[in-house]
Amino acid sequence: MTASLVFEKSDGNVGEPLHAQLAITSCAHKFSAPIRLSEVKLVFEGCLRPVKVQSDQNQDADTTTSCCIATLPLREPSNADTAVQSPAGGLTALVGIADLTMGPSQTKVFDLTCVPREAGEARVASITMLIEEEQFDLGYAVTEPEQRESFWWEQTQKGVTRRRVGKDRDTGRCKVMPKPPKIRLTTPNLKRTYYTNERVMLQIGIHNEEDEAADISAEIRLFGTESAAQIQWLDGDSNPELLESGASTPIEGPSHYLKRSVGVLERSSQKTLTIVLVDTQEATDFTLEVSTVYHLVSDTQTPIMKNTTVDLSFIRPFEANYEFLPAIHPQPWPNFFAVSDNLLEDGSAPSPGGLFQKWYLNSKVVSFALEPLVIDKMSLVLLEANGGVVCDVHSEELVTPGTPHLAPEELRESNFCLDVQKLLLGDRRPTALTCTLEINWRRQSSESVASSDAENSVTTTVLDIPRFVVPMGEPRVLASATPSSSMAGLIHMGYVLENPSTHFLTFNLVMEASEHFAFSGPKTTVVQLVPLSRHTVNFNLFAAKRGLWIQPQLVVIDTYFNKTLRVLPTGDMRSDKKGVLVWVDADD
């Protein structure tokens, strides 16, 4: 007796049919009696389950046809079957029933179909043929099949034919590869770039391209540098509220993990899941890994995995420069000699009664985005004010022309007015202000969505502003310039001298002559200020030429402290190392 097993192909896939043929040939003399095999055992090394072929005990078996081909269905063993285990992993054998009565020189071929459950390489380890008679039991094992020509047997109209297979390969070996997943994953709304603080809603499409229904679960992992960013499930596309049960679970430090059962997805159907990335406060790059683990409804024992990765790049949408500019408060200062004592000492007055100053925060915001952004609102937020003051922050005053969108690298200049007032009139401590700039913006593409969704698409970017110290107890000089409405080239200059101290101060003023303008007003003068008071000195300047900057040089010396005070510009005036600059309009 000889036996051999031939795999039709050199490789296969997990969960897919793997075809093989078992050929048993009797080498007995032509006048010998038929040989009745009771059982044939096939044992594999590797990932295939063993096979046990049992005799059908047919007393009228065909023993005369030279070659017979039969299909051998395999089933799970019953309790009465004896388990045959593979040396590779102790797998229970599959059982088949067939005609195992062999006539002299007869060949019987059995078509086998195995479904591998694991990936790896399988090889025929042994083919054992058993004969059980009343007087004896005989077992014959083929452990090293002869590697001669291999054939694949087929039934045709002219009878049984065979063809050579497996040239240049070992037909007793087969490589089992993982089942190729036919679940397709897509990210239809993935954008090339995202921006810090943006609430990202990323859609994940799951398309079932298998030939039958599949039971699917999804897993999401976020990898990147250490960051506070989190991923969460969205409870349906129409409900913006986040699932409490979908909170992200951090694993391995910077990564976050989500898992959810998708359920049974019919063939050629799809389902969309939505995840939300929040707390993306830092400019960094992330990698999002999307995995699906599933099995076909008809094959629950073969898990299949499909994964894909997408790169998420977060950049800062804005950068800004800031400058605090002084301004002249229009209201008169309180009278130091006509206030109640509680404003000077314990601060028990019902409202602030101290000195006040007016400042402007000038912000120049530049868009670093790669697309036009819609600025809905820009606000200055006061976080903390130290030094016994109250501070009122006014809304944005746009300096640059207003446009519906802020284009890439475009600048938006704004002023924010701050009114700072001391609680106590006698308090001369400096004041520290801690502020941030909040920018409410949205992508230009979000204008086409519904109004409820548009609200959710608004992102708030917070820009830090360096801490600003307001010197509330030092004398200062504020300059203002107003063009004359009746005469071109005439500028009305005002210099406000402030004495926030509790001393009587004397200021010496000297206006220096210039070839660029003539002025009317005191060449030299002395101003004496009582404590907590201010005074304005006026000049008229007539420019020699139009359409240029002129630089009046007023020298102010505080004789009490023997200090030359720097003149501070207000409004549209400028300054350099030499002093303030005033623009003279050109002739019409």
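Two strands count as paired if DSSP finds at least two bridges between them. On that basis, this predicted model holds an open sheet of three strands, running in the order E40-E45-E44 with antiparallel pairing. The edges are taken by strand E40 (548-550) and strand E44 (574-575); each has a single partner strand, so one side of each is left without a neighbour in the sheet. Looking at one of these pairings, E44 and strand E45 (residues 580-584) come together in the antiparallel sense over two bridges. Ser575, for its part, finds its bridge partner in E45 at Val580.

Turning to the cysteines, a search of the whole structure comes up with zero disulfides. Take Cys174: the nearest cysteine sulfur belongs to Cys47 and sits 7.7 Å away, whereas a disulfide needs the two sulfur atoms within 2.5 Å. With a relative accessible area of 2%, Cys435 is buried.

Then there is Ser457, which lies in helix H1, a stretch covering residues 451-457. Along the chain, Ser457 and Met201 are 256 residues apart, yet their C-alpha atoms are separated by 9.4 Å.

Terms used:
Residues numbered from 1 in each chain as written. Predicted model: local features only at pLDDT ≥ 70, side-chain atom pairs only at ≥ 80, totals over all residues. Heavy atoms only, no water. Buried < 20%, exposed > 50% of the residue type's maximum accessible area, 1.4 Å probe, protein only. Helix = DSSP H or I, 4+ residues; strand = E, 2+ residues; numbered from the N terminus.
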